[in-house]
Amino acid sequence: MSLFIEVSIKVLVLFVFLLVTVLLLVWVERKFVSDLQNRVGPDRAGPYGILQTLADGMKAMFKESITPTNAQVGLYIAAPIVSMTAALLMFLVIPIGAPIEINGTTYSLQVMDLNVAVLYVLAVSSVAVYAITLAGWSSGSKYPMLGSVRASAQMISYEAGMGLALVPVVMLTGTMTMSGIVEAQQGSFLGFLGVWNIILIPSFVVFLISGFAETNRAPFDLVEAEQEIVGGFHTEYSGMRFALFFLAEYINVFTISALTVTLFLGGWGGPVFGPWIVESSLPVVWFLAKTWLLVLFFVWVRASLPRMRYDQLMGFGWKRLIPVSLAWIILLAVVLGVREFGMPWT
Amino acid sequence: MAETIVFIIFAAVALAGAVSMITASNPVYSAMGLLAAMFAIAVLYVMLDAHFVAAVQVIIYAGAVMTLFLFVIMLIGVDKPDAYGKQVPAQRVITGIVALGLFGSIVLAGRAAWITGSNAFGTANLNGTAEAVADELFGTWMIVFLATVMLLTIAALGTIALAYFRDVPEEEMVG
């Protein structure tokens, strides 16, 4: 049963960690965007308005959760829960630090090290589509419906791009486990500098762009384009049910950043030194630092770019990202094949 | 013990999903039932250490196929009552016989070594990692794999051909 206890503790810690992160993340985003737009942003609740998210959460909890007359009640209530569950599940395979050795036992800072972790990521992200699709449909109203149709088309399209961006990573590192992918990026250049998978630049770019689309963030936030379809799939949601969608979106932003760091930016890799306690906690610090930098990049992009038109979005996904990924995979396969087996005529 | 409990729970979910898929009057709930069955089966694959198959099951069926189902159902609209086709005479009797025959053959297949290649409920030494599956797929079963690829490509091409090259005058074609 020790495995059971270990995993339970990890899941609990991860859950609390993600919720605290999201509270911070919402505040960071609002502050950062307001700085970029020459505004003050939230500044009433707590120092620098850091408790604003908490106040918003309390407000959402005490608001009435309205159910529209035409709603399909079962699915209407289930959709936010599915959304939140999918967002939380994704993080299970991401290692947030190097394995720590305590009293001769090694503990990995990762809930589960699946040998198909890369596929697991795709599987969970495909579940997230359901939350939005069902939310839109079950609301029984036209704007949510339009939003959910947009969402499913967009997420399916960009999931293909995301899957193809993962292939070169697996080809280069030769493993599908997250721990293996991170290990493969550790110090092999000059002894201590890791060779990060960011050298697969086309994949990195495609993955990042697909990540924006998968999380429905600007410039791909057509799913909830306020000027066109009110709030998209969550138009009819209020109170805590809306808050769940909101939290799930922010968890997804953090997860995609963490995933990009794990796959392309060396994960928890970085220089470690000092006494045991510093040495074992530095990888976590590196991981969080990289992830937060990427989160800030997400916010920066949101504040900078205007929303795309719908045909541009689909055209970009299918006619640019996917062909580029396919060509890059073939090129990489040839290069790796030559490196492994030599030229075909020798 | 824990394994048995998990198996019973998810086997029940799979069966309930399958039954609700057939009996639900709303097509969206039918799709949800099928989805539940797919997920439960994926969990059963995980219990058999077939992680790769489980992940692929969720990606393909839950991710691609069912999303397309839902998409189509929603776009067509579920409010219109279905026009039931003509019933075949003695439909229920025929269905019952076919169902019984299917059930019998599944039981037979489960028990007969000459069909499955292993003993009934025997513990075949399964290795479900991606590497093991890849070795089998691109080693032992390469020809079969390529044949399947050909078959699926032909099916896709056939669909496109049926959709585009019909004997309909140009002006009547939509889109």
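The legends below describe close-up views of a predicted model.

**View 1. The largest pocket and the residues at its centre.** The largest pocket holds about 1,100 Å³ of space. Its lining consists of 31 residues, and those closest to the pocket centre are Leu119(A), Leu122(A), Val167(A), Met176(A) and Phe52(B).

**View 2. Elements and residue classes in the lining of the largest pocket.** Two or more lining residues come from each of α4 (117-138) and α5 (142-173) in chain A, and from each of α3 (51-76) and α6 (130-140) in chain B. The most is given by α5(A), with 9 residues. Sorted by class, the lining has 23 nonpolar residues, 6 polar residues and 2 charged residues.

View 3. Ala135(A) belongs to helix α4 of chain A. Its relative accessible area is 0%, so Ala135(A) counts as buried, the cut-off being under 20%. Apart from neighbours within four places in sequence, the residues in contact with Ala135(A) are Ala79(A), Tyr130(A), Phe233(A), Tyr237(A) and Phe245(A). Met145(A) lies 10 residues away along the chain, and its C-alpha atom is 8.4 Å from that of Ala135(A).

View 4. Helix α3 of chain B contains Gln57(B). Gln57(B) is classed as buried because its relative accessible area is 9%, again set against the limit of under 20%. When residues up to four places away in sequence are not counted, Gln57(B) touches Met38(B), Ile41(B), Ala42(B), Tyr45(B) and Ala62(B).

Technical notes: Residues numbered from 1 in each chain as written. Chains lettered and ligands numbered in written order. Predicted model: local features only at pLDDT ≥ 70, side-chain atom pairs only at ≥ 80, totals over all residues. Heavy atoms only, no water. 1 Å grid on protein atoms, 1.4 Å probe; cavity = no way out; pocket = protein on both sides within 12 Å on 5 of 7 lines; lining within 4 Å. Points joined across faces, edges and corners; volume = space filled by probe spheres on them. Helix = DSSP H or I, 4+ residues; strand = E, 2+ residues; numbered from the N terminus. Nonpolar A, V, L, I, M, F, W, Y, C, P; charged D, E, K, R; others polar. Buried < 20%, exposed > 50% of the residue type's maximum accessible area, 1.4 Å probe, protein only. Contact = heavy atoms within 4.5 Å.
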